[in-house]
Amino acid sequence: DSTSATGSVTIIRPITITKTADLAFGRIVKPTSGTGAVAIANSGDSVTAGSGAVALSGITTSRAKFMVDGEGGQAVTVTVPANFSMSNGANSISVTLDPDVSGSATLSNSLGSAGSKAVNIGGTFSLPDTQASGAYSGTFNVTVAYQ
C-alpha cells in the first residue's frame, strides 16, 4: 500500500528595522527647587516640562522613530525596554520609554508585497533641582521579529 504527501513552503522577505529619528529632549532648565517632569509623547515631537522644569525653544526635539519593513500582512513582535539611562560622566537620568507599538503588530499590505509599520517611542523623566548640569546621552535597543 502507498500514499502521497505534499510539500509546501511560504517564502517571505527578511524583516528590518531602521531608525529615522533619535529621542531628543532638547535643552531643559532644571527647577530651582524640588523635582520637575519632562516628557515627549509617542504621538508628537514637542517636549513638555513642568513642576519647575522649563523646556527651551530653538533646539530640535523628537520622539524616537523607527520603520519596520518586511513581508506584507505578517505579524511581528516589537520589543522596547521599559527604560534606559542617559549619563554624563558619573551622573545619570533614568528615562521611562513610551512606545506606540509594544508586543504584537501587523505589517501593512498583504503576503506577496512589501509591508511596513512605523514605531514611535516617547519618553519621560524626573529632573531634580540637584541634577548636575551637562549634556546627557544613552542608548536603547528596539528589536523586531516575525511571529
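Tutor: Buried means a relative accessible area under 20%, exposed means over 50%, and partly exposed lies in between, with a 1.4 Å probe and protein chains only. This is a predicted model, in which local features need pLDDT of at least 70 and side-chain atom pairs count only at pLDDT 80 or more, whereas totals for chains, interfaces and linings use all residues. Residues are numbered from 1 along each chain as its sequence is written, and side-chain values use heavy atoms, with hydrogens and water left out.

Student: Which term, buried, partly exposed or exposed, describes leucine 56?

Tutor: Leucine 56 is found in the loop between strand E5 (54-55) and E6, where strands (E, at least two residues) and helices (H or I, at least four) are DSSP runs numbered from the N terminus. The relative accessible area of leucine 56 is 36%, so this residue is partly exposed.

Student: Which residue in the segment before E1 is tied to glutamate 71?

Tutor: Four salt bridges are found in the whole structure, each a side-chain nitrogen of Lys or Arg within 4 Å of a carboxyl oxygen of Asp or Glu. In one of them, glutamate 71 pairs with arginine 13, with 3.2 Å between the closest N and O atoms. Because glutamate 71 lies in strand E6 and arginine 13 in the segment before E1, the pair ties together parts that are 58 residues apart in sequence.

Student: How far apart are the C-alpha atoms of serine 92 and alanine 37?

Tutor: Serine 92 has its place in strand E9 (residues 91-99) and is partly exposed, with a relative accessible area of 43%. Along the chain, serine 92 and alanine 37 are 55 residues apart, while their C-alpha atoms are separated by 15 Å.
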